[in-house]
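Have a look at it first, and then we'll go through it piece by piece.

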There are 2 protein chains.
Amino acid sequence: MQPFSYTQSFSPARLDATFGALADPTRRAILARLMVGEATVLELALPFAMTQPAISKHIKVLEKVGLVTRGRDAQRRPVRLEAQPMREATEWLERYRKHWEANFGRLDGLLQEMEAAPERKPRKKMPRRKP
Amino acid sequence: MQPFSYTQSFSPARLDATFGALADPTRRAILARLMVGEATVLELALPFAMTQPAISKHIKVLEKVGLVTRGRDAQRRPVRLEAQPMREATEWLERYRKHWEANFGRLDGLLQEMEAAPERKPRKKMPRRKP
DNA sequence: TGGTTGCATAACTAAATGGTAATATACGTG
DNA sequence: CACGTATATTACCATTTAGTTATGCAACCA
């Protein structure tokens, strides 16, 4: 899609589009469904209280971001997942999360340690506050 | 609405809002700036070609999602980061990324290794993507 | 006290988004 | 060919979003 830089500088427009695509529950549900395998438009539309063109639109959004690609099987246009844009978004988030958990950890850091492996000591002190 | 409930350990509305908040480059830049430390509204507004009320609006969006909180220092309302919503979004993404890299990895997985390694291999032909 | 600073709120606009119904197109089959 | 099926496209509508200008207001300061 794009030359990956070692310094992991992501195109803002691409992140806009990816996060925007993920900001809709119907589209996230479509992605969830696609994790179990390709599906046609009608198959994707079935669970939703929504018309087929609406689903086609959602698919087009996902396709434009590159989260899905489409095949051809006679009249059908099967949809399948693609990993790359999701990975970019994940890396962006990961970087921020790590960075500010390191800096602002405190209670939030404790919560995360509880659900992950307890490799670090819990923190105690709250950072400065201006009342 | 959300037929595949095994994916829904997070509140859809919250994910909508979080991803939606991240889908704007100004807001992401604000978050980036806040990683250095808390800042006032005017400090945040300064680098942007945008009026102060516009920045206030962006802050309100971030605040509503819980990505930032606000303090009080005389007339100033300092803004600072909060980690929790970002973590939810990251976890959602991570789950998907892992799942379908396991299923669809192959070439995509190779690309990721190339990115992670200091040395980069010369490019190979990429058969399944089209521009 | 009155002025200035820091921010919020209101009212408005343009553009993007998410949906609809109706129609068009592409493909396989009888 | 004609027909059904799967999907895309078009035209339209309502709502949301991202910005603006103008104004309000609380808190500090001379």
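Let's begin at DNA strand D, where the nearby surface is made of nine nonpolar, nine polar and four charged residues. For that count, Ala, Val, Leu, Ile, Met, Phe, Trp, Tyr, Cys and Pro are nonpolar, Asp, Glu, Lys and Arg are charged, and the others, Gly among them, are polar. Before going on, keep in mind that this is a predicted model: local features need pLDDT of at least 70 and side-chain atom pairs count only at pLDDT 80 or more, while totals for chains, interfaces and linings use all residues. Residues are numbered from 1 along each chain as its sequence is written, and chains are lettered from A and ligands numbered from 1 in the order in which they are written.

Helices here are DSSP runs of H or I with at least four residues, numbered from the N terminus.

Two or more residues each come from helix H4 (52–65) of chain A and from helices H3 (41–45) and H4 (52–65) of chain B. Here H4(A) gives the most, with five residues.

Which of its residues are buried? They are B:Ile55, B:His58, B:Ile59, B:Leu62 and B:Val65. Seen down the axis of H4(B), these buried residues fall within an arc of 120 degrees, so they line one face of the helix (the arc is that of the directions from the helix axis to the C-beta atoms). The face turned away from that buried side carries the exposed residues B:Pro53, B:Lys60 and B:Lys64. Buried means 20 or more other C-beta atoms within 10 Å of a residue's own, and exposed means 12 or fewer, with C-beta atoms placed from the backbone. After H4(B) comes B:Gly66, with a positive phi near 90 degrees.
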